[in-house]
Number of protein chains: 4
Amino acid sequence: MQNLRVTIWNEFVHERSNPAVARIYPHGLHATLANALSAQPGLSVRAATLHEPNQGLPPSVLESTDVLLWWGHAAHDAVSDELVAGIQQRVLAGMGLIVLHSGHFSKIFKRLMGTSCALRWREAGERERIWVVNPGHPIAAGIGDFIELEQSEMYGEPFGIPTPEELIFVSWFQGGEVFRGGCCWTRGSGRIFYFSPGHEAYPIYHHPAIQRVIANAVDWARPQGRVAEVPLHVPVEQAPEKITARGPSVHVEGGQLAH
Amino acid sequence: MQNLRVTIWNEFVHERSNPAVARIYPHGLHATLANALSAQPGLSVRAATLHEPNQGLPPSVLESTDVLLWWGHAAHDAVSDELVAGIQQRVLAGMGLIVLHSGHFSKIFKRLMGTSCALRWREAGERERIWVVNPGHPIAAGIGDFIELEQSEMYGEPFGIPTPEELIFVSWFQGGEVFRGGCCWTRGSGRIFYFSPGHEAYPIYHHPAIQRVIANAVDWARPQGRVAEVPLHVPVEQAPEKITARGPSVHVEGGQLAH
Amino acid sequence: MQNLRVTIWNEFVHERSNPAVARIYPHGLHATLANALSAQPGLSVRAATLHEPNQGLPPSVLESTDVLLWWGHAAHDAVSDELVAGIQQRVLAGMGLIVLHSGHFSKIFKRLMGTSCALRWREAGERERIWVVNPGHPIAAGIGDFIELEQSEMYGEPFGIPTPEELIFVSWFQGGEVFRGGCCWTRGSGRIFYFSPGHEAYPIYHHPAIQRVIANAVDWARPQGRVAEVPLHVPVEQAPEKITARGPSVHVEGGQLAH
Amino acid sequence: MQNLRVTIWNEFVHERSNPAVARIYPHGLHATLANALSAQPGLSVRAATLHEPNQGLPPSVLESTDVLLWWGHAAHDAVSDELVAGIQQRVLAGMGLIVLHSGHFSKIFKRLMGTSCALRWREAGERERIWVVNPGHPIAAGIGDFIELEQSEMYGEPFGIPTPEELIFVSWFQGGEVFRGGCCWTRGSGRIFYFSPGHEAYPIYHHPAIQRVIANAVDWARPQGRVAEVPLHVPVEQAPEKITARGPSVHVEGGQLAH
């Protein structure tokens with residue numbers, strides 16, 4: 001069986017500009033995630049960053065990616081609309097997408113959700129406890145009742161997302177809020193998982209249980225079934241049941257007026 | 001109680017260019033829908049069309065609309081991106097949206113769904129039977145087992161939409177296809193209903209049962225609850241539980257780095 | 001318009017056996033809820049308790065109830081299976097059902113959910129903060145960002161329920177847990193809302209915001225559309241499209257072998 | 001990796017009493033399904049029937065089954081309530097369940113759904129076309145736009161089920177009806193798939209595409225994650241956050257009053 005091809009995209013800004021972040025992720029948080037995922041059997045892992053050519057995702061990379069991870073925060077607007085459209089097309093065609101932490105406000109996540117993706121937030125280094133609400137789900141495999149992070153950024157409700165098809169994790173915060181921090185959706189033939197932990201000021205992606213969830217999610221998001229259909233005109237003579245056209249028409253010959 | 005303020009938007013192209021359509025809808029299909037809805041108590045109904053100033057929906061109209069109906073086909077691309085963004089904001093803030101027939105391919109529907117919204121289609125004047133799959137839903141109130149249209153355009157699966165939160169109607173077509181033609185979603189605080197019947201070459205919006213479904217949908221889509229939140233920074237001293245900030249931070253003073 | 005007919009069912013055990021509870025609800029918690037709901041226009045409110053004839057719900061009452069509230073804790077097993085079957089039938093036929101607090105473990109809730117309905121719990125009089133995660137939903141109308149209960153019983157995840165169709169509230173607990181405490185489902189033509197607050201040792205049903213949520217839920221759960229279908233044999237000659245029977249059959253004459 | 005342990009349960013009534021059925025399935029339809037599934041790598045397949053000891057499913061078999069297929073029609077009532085309870089517990093604990101055709105009216109399916117599971121039906125040997133509405137789903141892998149059955153029993157809407165979490169197939173019938181014939185749910189930690197084709201009077205389980213769907217569903221329904229929690233009392237001193245009990249209590253020492 002061919003390896004699952006995983007690409008980790010990171011804007012890679014704070015690790016180069018903020019010494020506190022650089023101490024935690026000296027080679028970028030994508031490097032930490034790539035190391036963790038590379039320890040899994042059956043994965044081929046690459047990393048890509050914003051300041052590389054084609055913002056790290058030329059068509060050749062995007063086309064050969066089965067599951068894409070996305071981390072962005074300070075530079076959402078710098079991502080080109082063309083790249084966003086390309087990622088969306090790949091997701092609809094079956095590529096998995098894992099959106100991490102502040103990626104909730106990325107162009108690609110907002111594009112796929114259709115909503116504000118807004119949330120309540122506070123950076124106070126407070127305790128977060130990530131509860132498993134769906135213990136039978138494969139993304140929660142190997143995780144106990146909860147994951148505890150001694151220091152985290154608070155993300156709180158209401159979170160401006162469509163109702164998740166499956167809700168896996170809900171977070172408790174020391175300061176008094178809650179958050180739906182692990183959510184699944186399907187869009188077209190692609191699976192999407194949003195996972196809230198990962199503030200760059202704390203060593204969250206070094207945490208084994210967080211790494212385990214992300215590895216589980218990569219496996220869950222692998223392409224399934226086949227590519228969703230493009231729009232398709234069915235000529236009358238190709239209808240599954242024999243019928244004869246009748247009545248007026250607004251469509252010109254050749255079906256040029258698309259639906 | 002204040003009347004529900006309904007605006008029917010129609011691109012109003014085919015009724016002016018195609019004689020067969022003009023015979024069915026001499027004043028535009030928006031006029032037929034407006035007449036039907038005006039017969040309902042408690043509604044204030046307006047119509048708007050593409051070629052009016054501000055494409056028919058200046059901010060004053062959009063802000064004073066509780067439920068918007070949308071019909072477009074030939075001129076989807078002519079609708080400005082700015083208007084689409086404005087409608088999306090209104091939906092997220094609670095405005096109901098009823099997307100009709102070929103509106104499945106409108107910019108606003110694709111924006112809110114995040115998917116291709118593509119489908120299979122054929123214009124052969126064939127019979128369609130719209131089955132109620134959710135008889136307890138208010139949008140199906142007053143409708144029997146099915147609605148039969150002697151002539152309709154075929155829309156068939158797969159339909160490139162997110163899984164509907166509620167599925168109300170599934171259509172049978174004489175030529176052998178099926179279609180999820182009545183679907184509900186919530187996005188932000190707004191309710192969205194897609195209803196597939198309404199090809200302009202046939203007098204579908206004159207059909208009493210079709211009018212009844214649309215009137216039911218308008219009532220169902222009225223704004224509920226309150227406006228969804230904008231993103232919100234919670235200063236440490238305003239946390240619901242008393243906490244003290246600790247640890248490193250990547251946020252500049254004043255919370256200018258939005259999430 | 002006819003009044004909505006609301007029946008509040010309470011097992012009415014602890015209010016008569018536990019002095020601490022009796023002080024909070026001297027006439028039973030159903031009386032407190034009935035007073036609160038009676039203040040709403042358009043409602044006709046009755047109460048019913050376990051030790052009345054027919055366990056409080058003879059067919060005449062059940063048939064004339066539009067929305068049923070259910071509170072039970074110590075005596076779930078005392079409720080007859082026949083009554084449970086009758087309530088289930090009424091819900092499937094369109095009656096609304098509001099299940100309160102420890103009613104999560106009632107026979108009727110488990111019957112309608114098909115799952116364990118189990119949860120984690122602790123009675124320590126700790127603080128609970130009920131966050132609105134769906135501010136646009138009518139059940140959250142008039143509620144701010146959250147409801148705070150200074151003393152509550154902890155209910156925690158994982159909660160053994162099917163994924164809610166709509167999730168309205170998620171609770172934060174002082175002791176460190178979270179809970180999906182406000183959940184909506186549809187079963188047949190009936191709407192179901194589960195709302196977790198209401199431990200009898202604290203005066204929770206005297207809280208105005210809790211009363212508001214319950215009143216909102218009663219309004220939301222009112223019967224919609226029409227009664228769901230009973231199973232129906234369609235004789236060949238009554239098929240919507242003309243067909244002729246062909247091939248072998250396992251069904252005896254008269255369709256006695258039901259599906 | 002250990003083989004997936006699959007058990008096919010069949011009531012095995014019509015194959016022994018009806019010559020037309022016996023010609024199609026001389027060894028019972030479970031034998032045909034077992035042959036088909038045994039051709040898949042990684043599966044260990046057993047069959048079980050109603051008239052065997054313990055109705056074919058003694059605890060030792062049930063406990064060692066990863067995915068259970070269920071076909072019943074004439075003898076739903078003969079299945080013991082105790083066995084139904086045992087199957088439900090296994091599903092909630094993670095066992096997959098594939099319910100076939102007339103199994104829609106089995107005790108176990110109604111128990112897990114909580115609804116009527118009723119439908120419209122007609123046995124006329126008419127044509128059925130099973131459309132894929134979710135081509136990206138693994139259960140549809142390897143299937144084209146649709147599967148065509150030249151002779152089938154009609155099952156029609158409304159189908160008395162909870163809204164499926166994922167809808168995979170919708171059927172078109174020659175006589176004019178439609179049906180949601182391929183539906184997914186999760187209950188507890190178990191996955192459930194209902195698949196409508198399979199009337200015993202026609203050789204439907206000999207059809208390669210039908211066999212492929214069932215094999216896909218078996219793979220999809222394999223146990224995921226871990227067993228859902230049983231109800232759990234959390235003593236105050238074991239709360240994740242340090243708290244002190246305060247206020248009145250209705251629970252006796254030792255937590256004997258379950259929730």
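## Reading the interfaces of chain A

Modeller: Let's start with one pair: the side chains of E150(A) and R246(B) form a salt bridge, N to O at 3.1 Å. The term covers a side-chain nitrogen of Lys or Arg within 4 Å of a carboxyl oxygen of Asp or Glu. Bear in mind that this is a predicted model, where local features need pLDDT of at least 70 and side-chain atom pairs count only at pLDDT 80 or more, while totals for chains, interfaces and linings use all residues. Residues are numbered from 1 along each chain as its sequence is written, chains are lettered from A and ligands numbered from 1 in the order in which they are written, and side-chain values use heavy atoms, leaving out hydrogens and water.

Biologist: How many salt bridges are there between chain B and chain A?

Modeller: Two. Polar contacts there come to 22 residue pairs, both partners at pLDDT 80 or more. A polar contact is a pair of N or O atoms within 3.5 Å; within protein, one must be able to donate a hydrogen and the other to accept it, and residues adjacent in sequence count only if both atoms are side-chain atoms.

Biologist: Which element gives the largest share of the side of chain B that touches chain A?

Modeller: That's β5(B), with eight residues. Helices (H or I, at least four residues) and strands (E, at least two) are DSSP runs, numbered from the N terminus. By class, this side has 31 nonpolar, 22 polar and 14 charged residues. Here Ala, Val, Leu, Ile, Met, Phe, Trp, Tyr, Cys and Pro are nonpolar, Asp, Glu, Lys and Arg are charged, and the others, Gly among them, are polar.

Biologist: And what area do chain B and chain A bury between them?

Modeller: The size of an interface is often given as the accessible area lost when the parts come together. Buried area is that loss with a 1.4 Å probe, summed over both parts. For chain B and chain A it is about 5,300 Å², 60% of it on carbon and sulfur atoms. Each chain puts in 67 residues, with contact meaning heavy atoms within 4.5 Å.

Biologist: In which sense do β5 of chain A and β10(B) pair?

Modeller: Parallel, over two bridges. Strands pair if DSSP finds at least two bridges between them. Within this pairing, W121(A) stands opposite H233(B).

Biologist: Is T115(B) buried or exposed?

Modeller: Buried means under 20% relative accessible area, exposed over 50%, and partly exposed in between (1.4 Å probe, protein chains only). T115(B) has 4% relative accessibility, so it counts as buried. You'll find T115(B) in the loop between α6 and β5 of chain B. Its side chain reaches the backbone oxygen of G160(B) at 2.7 Å. Leaving aside neighbours within four places in sequence, T115(B) has contacts including Q88(A), L92(A) and R187(A).

Biologist: How many residues of helix α3 of chain B are buried?

Modeller: Seven of its 10; L29(B), H30(B) and T32(B) are among them. The cover includes β1, α1 and α7 of chain B.

Biologist: What about chain D and chain A: what area is buried there?

Modeller: About 1,900 Å², with carbon and sulfur atoms giving 46%. P135(D), R226(D) and E241(D) supply 30% of what chain D buries against chain A, more than any other three residues. The count of salt bridges between these chains is four. In one salt bridge, R127(A) meets E241(D) at 2.7 Å, N to O.

Terms used:
Buried area = accessible area lost by both parts, 1.4 Å probe.
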